[in-house]
Amino acid sequence: MQLQPKPSDYPRIRKALSFYKVTSVVTGVMLLLLCAVMVMKYAFGVQLFLFTADGFAHFYPIAPEGVEADFHPEGFDLFKAILIAHGWFYVIYLVSDFLLWSPMRWNFWRFILIALGGVIPFMSFFLEARIVREVTGFLDAREAEAAPALLQ
């Protein structure tokens, strides 16, 4: 028998669900940007720098193997920034995953499945829609059952 969330946790679950919705979309978008960066870097051999002497944005070729230390292009390395930002947003996504998973009393594999949403492209968008629909339906049904008892 699976444990059910406590009625006293319903408001906390709704707040965690709102937080999860935001973090899953942000993490999903950052992951798609990261995938685009990887394609540009490994398929086309370029990296993007902003605010360079050559203009606002400029693609530079990847430095040859062994001379990376000598390669110092001017400007802001957008690829590295996207990589770092996705990493931090993924940590926040894991926190939101935990904040929703814990009061919902789901099994550990559910936590792992939701966590994979931040590393498999497009998965966070599908999981977000599914989890929000499931949790909202669950909470609405439980609160509707409890409402007549509260009125008496």
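I am working on a predicted model, in which local features need pLDDT of at least 70, side-chain atom pairs count only at pLDDT 80 or more, and totals for chains, interfaces and linings use all residues. Residues are numbered from 1 along each chain as its sequence is written, and side-chain values use heavy atoms, with hydrogens and water left out.

I took helices (H or I, at least four residues) and strands (E, at least two) as DSSP runs, numbered from the N terminus. Axes are lines fitted to C-alpha atoms, for helices over the stretch in contact, and angles run from 0 to 180 degrees between N-to-C directions.

**Entry 1: H2 against H3**

I classed the pair by angle: under 35 degrees counts as roughly parallel, over 145 as roughly antiparallel, 65 to 115 as roughly perpendicular, and the rest as oblique. I noted the crossing of H2 past H3 as right-handed. The term applies if the near helix is turned clockwise from the far one by less than a right angle, and left-handed if anticlockwise.

I then listed who makes the contact (heavy atoms within 4.5 Å). From H2 come Tyr90, Tyr93, Leu94, Asp97, Phe98 and Trp101, and from H3 come Phe108, Phe111, Ile114 and Ala115. Sorted by class, the contact of H2 with H3 has nine nonpolar residues, no polar ones and one charged. The classes are nonpolar for Ala, Val, Leu, Ile, Met, Phe, Trp, Tyr, Cys and Pro, charged for Asp, Glu, Lys and Arg, and polar for the others, Gly among them.

**Entry 2: the loop between H2 and H3**

I looked up Arg105, which is found in the loop between H2 and H3. Its phi is near 60°, a positive value in a residue other than glycine. Arg105 is partly exposed, at a relative accessible area of 29%. For these labels, buried means under 20% relative accessible area, exposed over 50%, and partly exposed in between (1.4 Å probe, protein chains only).

**Entry 3: H1 against H2**

I found H1 and H2 packed at an angle of about 150°, with 8 Å between their axes. That makes H1 roughly antiparallel to H2. The crossing of H1 and H2 is left-handed. By class, I recorded 25 nonpolar, five polar and two charged residues in the contact of H1 with H2.

Is Thr23 buried or exposed? Thr23 is buried, with a relative accessible area of 7%. Leaving aside neighbours within four places in sequence, I see Thr23 in contact with Ile92, Tyr93 and Ser96.

**Entry 4: the sheet**

I traced an open sheet of three strands in the order E2-E1-E3, with antiparallel pairing. E2 and E3 are the edge strands, each pairing on one side only. Two strands pair if DSSP finds at least two bridges between them.

E1 (residues 46-52) is mostly covered, five of its seven residues being buried. Six bridges join E1 to E2 (residues 55-61), and the two run antiparallel. A hairpin of two residues connects E1 to E2. On the E2 side I noted that Val46 stands opposite Pro61, that Gln47 has Tyr60 as its bridge partner, and that Phe49 has His58.

Two bridges join E1 to E3 (residues 76-77), again antiparallel. Phe49 stands opposite Asp77 in E3.

**Entry 5: two phenylalanines of the sheet**

I checked Phe51, found in strand E1. Phi of Phe51 is near 55°, a positive value in a residue other than glycine. Phe51 counts as exposed, at 57% relative accessibility.

Phe56 has its place in strand E2. I have Phe56 down as exposed too, with a relative accessible area of 56%. What does Phe56 touch, not counting residues up to four places away in sequence? Phe56 touches Phe49, Leu50 and Phe51.

Last, I took a C-alpha to C-alpha distance: Phe56 and Trp109 are 46 Å apart in space and 53 residues apart in sequence.
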